[in-house]
Amino acid sequence: MILLALFGSTFILVFALGAQSLLVNNGRYVAAFLNSFLIGACNLVLFKLAPQATPDEMMAFLSGGPFGIVSAMWMFRHLHRKGPA
């Protein structure tokens, strides 16, 4: 269960950080404000779980980031192509 929590938290954190960059660069104040809470929550999970991580848990932690940023890049490119509904 900790493996999934570390992977998921890192994935969401890096995804949210990628989103934050786009939100700030596009002047989306409210969305950037709200997204900051998600970034903080994921950091809290990581601060709690990462210090006692086993080697397998460290791998889950390290692999969440690359998948998170690539997913954010794909999603925002996909959403940008479709435009507003």
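Which residue just after H1 takes a positive phi? Gly27 does, with a phi of about 70°. The structure is a predicted model, in which local features need pLDDT of at least 70, side-chain atom pairs count only at pLDDT 80 or more, and totals for chains, interfaces and linings use all residues. Residues are numbered from 1 along each chain as its sequence is written, and side-chain values use heavy atoms, with hydrogens and water left out.

Helices here are DSSP runs of H or I with at least four residues, numbered from the N terminus. H1 has 24 residues. Its first and last C-alpha atoms lie 34 Å apart, close to the 34 Å expected at 1.5 Å a residue. The expected span is 1.5 Å times one less than the number of residues. Buried residues (under 20% relative accessible area, 1.4 Å probe, protein chains only) in H1 include Leu6, Leu13, Phe15 and Ala16.

The largest nonpolar core has eight residues: Leu6, Leu13, Ala16, Ile39, Cys42, Leu46, Leu49 and Ala53. Such a core is a set of buried Ala, Val, Leu, Ile, Met, Phe, Trp, Tyr and Cys residues joined through side-chain atoms within 4.5 Å. H1 (2-25) and H2 (29-49) each supply at least two residues of this core. H2 gives the most, with four. Contact means heavy atoms within 4.5 Å. Beyond its neighbours within four places in sequence, Leu13 contacts Ile39, Cys42, Asn43 and Leu46.

Phe61 is found in H3 (residues 55-82). Leaving aside neighbours within four places in sequence, Phe61 is in contact with Leu6, Thr10 and Leu46.

Technical notes: Buried < 20%, exposed > 50% of the residue type's maximum accessible area, 1.4 Å probe, protein only.
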